[in-house]
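I opened this entry to log my look-ups in order. Contacts come up before anything else.

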Amino acid sequence: MFFDEMLDENGEAREPYTAYCDWLKDMDSTALRRKAREADAFFRRTGITFNVYSDAKADERLIPFDQIPRIISAREWAKLTKGIEQRVQALNAFLHDIYHDQDIIRAGKVPQSLIARNAALLPKMFGVEPPGGVYTHIVGVDLVRTGKDEFFVLEDNARTPSGVSYMLENRETMLNMFPELFSGIRVEAVSDYPLKLRRSLSASAPPACDGRPVIGVLTPGLHNSAYYEHAFLAEQMGAELVEGHDLRVADGRVAMRTTQGYTPIDVLYRRVDDDYLDPLNFKPESMLGVPGIFDVYRAGGITIANAPGTGIADDKALYSYMPDIVEFYTGKTAILQNVPTWRCADADSLSHVLDNLADLVVKEVHGSGGYGMLVGPAASKKEIAAFREKLKANPEGYIAQPTLALSTVPVLAKSGLAPRHVDLRPFVLVSPDGIDITPGGLTRVAMKEGSLVVNSSQGGGTKDTWVLED
Amino acid sequence: MLGRTASGLFWMFRQLERSENTARLVEAGMRMALTRAASGENEWASVVTTAGAGDAYRETHDGYDADRVIDFLLRDKRNPSSVLNLFEAARNNARMVRTALTREVWENVNEGWLILKDALARPVPSSHLPDVLSLIRRRSALVRGSWNGTALRNDIYCFARLGTRIERADNTARILDVKYYVLLPSTSNVGSSLDNVQWESILRSASAARSFNWLFGGETTPMKIAEFLTLNAQMPRSLRFCTSDYVRALDTLCELYGERSDSRLLAHALNEDLAGQTIEAVFKTGLHEFLGGFIMRNNALSLQIENDYRFNA
């Protein structure tokens, strides 16, 4: 049985949902359906789309939006924020350590081979001091829930987490559609995120910055799947939306080509991957980056957010070490739980995994996007047998996790309210002044009955996420 | 402001202006065809030429029947100047310069594109043509209206205005140039009813029939029409009206940026030349030569603006 966040076993509204459910029971379903169409039209008009390249012709699609909010109580949220803050602090301390003294390796908490042989490690970052000491200015921590007080971190996103524009637009849409709801129920605001992002980035300005920091958002361009978000954030922050060919290195600074000549940029919120950032220092064939930007960065001429090389912190192979990492840097037990993970490199774990393949999810350590993965409960006997051989041949290439019973929240389906599985991505801002977590985050929902896949590329949708005021 | 942003704004407004003008040309062409079906082929040929789509059209078609010309001008993917392609290009530019647009303007561009994409998804039956043409003009007007109502009057505004006006002057000059022979006193048809229809078509192509009649009453002469569309400073689609706007926009830019620019000098020279002209002198040197000269200088100004304000790396 799955934990439904709105209704308990008796079909009664759980505490955070009581006021909403009171309102909902007086609404007629035709009106709600009309609202759903209005929301669709609103998203189309504002152009909140993402690009898909499934066929030869690039197409813009809407991410399905469901109008039933996902509601979190003040108490639940307070506990989550403590855990998220602790985890993000540890991530930054870990990154500093890895690119400097590597105490954690010497302490034997993380195996050296795991770091040294990791593709996400950026050796050029060794000894580099990022401005303000911040590595991950923006973090998305993906959480799943399995019970009343059971939250797990599914993964950390320490590179360029996306989706925050949906969080903001979902709320705007809800405010437009149901103003009366928000006058009756006190929901924590999210609309100041762009302002906070701007402040947070400004506070991380490099030594070379004099005066008010000039901020740019670096996008790969119009055809990137998240272009809408890049433009949205630049617009909301009052920052410049730049592409690689707008920028060049001059006089030890990175400067953008304006109508009046070249002007230095102080902080670059980049939505371009490490590899493509600088053709002189990384992938030479990259057309998206700026030749020489990394040298300027190393010399304190620009802040790059997030810092290059942060991928080592959200690597799958390291995930299982996160509880130790958190404890090592904060001196306290991790508040947020990891999903139990068996490292197949370990002989005892391997035998457990081999005995229970049909119930487990087995992932390739360096895989992504669901490739090379075995979902035990959904796999055939033949697939399991084939996977068993692969696993035995290269145990250290795999980790295994139990199949999680993700919580559900109802969506408005054709037949009426129907439970669907959800996850949650809160957005965390880190600056030298501290850590700020926007109440709520992005709730992703699997729109298909029974599906555990919430990714938008797989037809997943989103919901507005409410954190109730105390 | 980024040079690329200035470029995106400039072209976005050029493309919107051109799509609107193409709709106007089709409308005038339709009117001609309704009035006198006989030499329809010639009329549609001149519409295609005026729309600047002559080469692209001849590559894929021979013969100028109404349906094929209209389809080509409104929705053919192979015609870079089709209304659909222009609106899509304008919308892409709007996405690119999203940070320089107000939300209202962006939504109007985006919604306009969604609606036109739908309206032009299939060939437009002639019974729907008037509706679709008016839809195109209304959609373009909505963008311009929300722009005028919400845009800050800074450099962003100047580049948008320059794009609109440069495209408009170019279009008006081409409308006249393609039909200049109709306005020449020497043609054999002078004073015939054929001329009247042609003249009216010229005015219609520039949405100027009503204001022309209002200003000049019954006095419809080729010279008056030519003067109205070139040298009249009050007619919003005339060359002179556009050049005086170039001057205003480029003066403002130079003031904002505290620097001189070559494009400002070109604009002043062009505007002063028009201000000092009389229509009699234009006809004496030749209307065609005059228009050809203007189109060249207008293009040169556009290139100088791109250069002065670093549109490209």
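I looked at contact range in chain A. Of the contacts in chain A with a separation of 6 or more, 68% join residues 24 or more positions apart. I note here that the model is predicted.

Next I checked overall form. I counted 14 helices and 23 strands in chain A. The radius of gyration of chain A came out at 23 Å, and the globule rule gives 23 Å for 470 residues, so chain A is as compact as a globular protein of that length. I also took the extent of the C-alpha trace of chain A, which spans about 65 × 60 × 50 Å along its principal axes. Then I looked up burial. Buried residues are 43% of the 470 residues in chain A.

I turned to the chain contact.

Chain B came next. I found it divided into domain 1 (1-150) and domain 2 (153-313). The centres of the two domains of chain B, over C-alpha atoms, are 20 Å apart. Their contact takes 27 residues from domain 1 of chain B and 25 residues from domain 2 of chain B. Which elements supply the domain 1 side? I found α1 (3-35) and α2 (40-50) of chain B, each with at least two residues there. The largest share, 19 residues, is from α1(B). By class, I read twelve nonpolar, eight polar and seven charged residues on this side of domain 1 of chain B.

Last, I went to the largest nonpolar core. I noted 210 residues in it. Which members touch the most others? They are A:Val254 and B:Leu9. I looked for the largest contributor to this core and found α1(B), with 14 residues. Both domain 1 (1-150) and domain 2 (153-313) of chain B give the core at least three residues each.

I then followed B:Leu9. Leaving out residues up to four places away in sequence, I found that B:Leu9 touches B:Val97, B:Ala100, B:Ile156, B:Phe159, B:Ala160 and B:Gly163.

How values were computed
Residues are numbered from 1 along each chain as its sequence is written. Chains are lettered from A and ligands numbered from 1 in the order in which they are written. This is a predicted model: local features need pLDDT of at least 70, side-chain atom pairs count only at pLDDT 80 or more; totals for chains, interfaces and linings use all residues. Domain bounds come from an automatic or database domain assignment. Two residues are in contact if their C-beta atoms, placed from the backbone, lie within 7 Å. Helices (H or I, at least four residues) and strands (E, at least two) are DSSP runs, numbered from the N terminus. Ala, Val, Leu, Ile, Met, Phe, Trp, Tyr, Cys and Pro count as nonpolar, Asp, Glu, Lys and Arg as charged, and the others, Gly among them, as polar. The radius of gyration is taken over C-alpha atoms; the globule rule is 2.2 Å times the number of residues to the power 0.38. A residue is buried if 20 or more other C-beta atoms lie within 10 Å of its own, exposed if 12 or fewer, and partly exposed in between; C-beta atoms are placed from the backbone. A nonpolar core is a set of buried Ala, Val, Leu, Ile, Met, Phe, Trp, Tyr and Cys residues joined through C-beta atoms within 7 Å.
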